[in-house]
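User: I am new to this structure and would like to know how some of its labels were reached. Please set each value against the rule behind it.

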Amino acid sequence: MRSDIVDAATRSRMMAGIRGKDTKPEMIVRRGLHRRGFRFRLHDRSLPGRPDLILPRYHVAIFVHGCFWHGHDCPLFRWPRTREDFWRDKIGRNRERDRNAAERLQEAGWRILTIWECAFRGKTDADHDATLNRAADWIANGATGEAILRGELRGHC
């Protein structure tokens, strides 16, 4: 087992500084959709899973997931080598909570768009635009169900 490259206090401070809202991928999505004419509300506490954005006009809930925190199967996600049981349990609970929220939203008639961090990580603005255009098309076309945008759409995952 490889030990951490920083001491426990530094790692704790680093982990505590990770935000749940207003992350870089979320801001890219917000700015991009707003530029395309979509208006939305943020982090609606009345909805299951508190979606990052909701577009009431289109009955769409958007989640912008970090690949690590939500356990995405992509190159950006690696299981930590320390406290493995803790992290497997935590990320497993996050995945289960995501599934439950999506089911409850769909039962309530919401369409769900999940955009993964890897769709933007290390990409150019042109790549961002391509992902955001796909998201905008999906929102506007009124397709039912759930859509997922991840890095493989941009050749990453």
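User: What makes Asp89 and Arg93 a salt bridge?

Analyst: This is a predicted model, and in it the closest N and O atoms of Asp89 and Arg93 are 2.3 Å apart. The cut-off is 4 Å between a side-chain nitrogen of Lys or Arg and a carboxyl oxygen of Asp or Glu, so the pair counts as a salt bridge. Both residues lie in helix α3, four residues apart, about one turn of the helix.

User: Why is Asp89 called partly exposed?

Analyst: Its relative accessibility is 44%. Buried means under 20% and exposed means over 50%, so Asp89 falls in between. Arg93, at 40%, is partly exposed as well.

User: How do you know that Asp129 and Arg36 form a salt bridge?

Analyst: Their side chains meet at 3.4 Å, N to O, and the limit is 4 Å, so the label applies. This pair links distant parts of the chain: Asp129 is in helix α4, Arg36 is in the loop between α2 and β1, and 93 residues separate them. Asp129 has a relative accessible area of 31% and is therefore partly exposed; Arg36, with 26%, is also partly exposed.

User: Are Arg30 and Glu26, which form a salt bridge, buried or exposed?

Analyst: Arg30 has a relative accessible area of 14% and Glu26 has 1%. Buried means under 20%, so Arg30 is buried, and so is Glu26. Their closest N and O atoms are 3.0 Å apart, and both residues lie in helix α2, four residues apart.

User: How many salt bridges does this rule give?

Analyst: The count comes to six.

User: Which residues lie nearest the centre of the second largest pocket?

Analyst: They are His65, Arg95, Asp98, Arg99 and Trp116, out of 16 lining residues. The elements giving two or more residues to this lining are β3, α3, β4 and β5, and α3 gives the most, with five. The pocket has a volume of about 330 Å³.

User: What kinds of residue make up that lining?

Analyst: Six are nonpolar, five are polar and five are charged.

User: Why is His65 called buried?

Analyst: His65, in strand β3, has 7% relative accessibility. The cut-off for buried is under 20%, so His65 counts as buried. Leaving out residues up to four places away in sequence, His65 touches His70, Asp98, Thr114, Ile115, Trp116 and Glu117.

Terms used
Residues are numbered from 1 along each chain as its sequence is written. This is a predicted model: local features need pLDDT of at least 70, side-chain atom pairs count only at pLDDT 80 or more; totals for chains, interfaces and linings use all residues. Side-chain values use heavy atoms; hydrogens and water are left out. On a 1 Å grid over the protein atoms alone, a cavity is a set of points where a 1.4 Å probe fits but cannot get out, and a pocket is an open set with protein on both sides within 12 Å along at least five of seven lines; lining residues have an atom within 4 Å of a point. Grid points are joined across faces, edges and corners, and a volume is the space filled by probe spheres set on the points. Ala, Val, Leu, Ile, Met, Phe, Trp, Tyr, Cys and Pro count as nonpolar, Asp, Glu, Lys and Arg as charged, and the others, Gly among them, as polar. Buried means under 20% relative accessible area, exposed over 50%, partly exposed in between (1.4 Å probe, protein chains only). Contact means heavy atoms within 4.5 Å.
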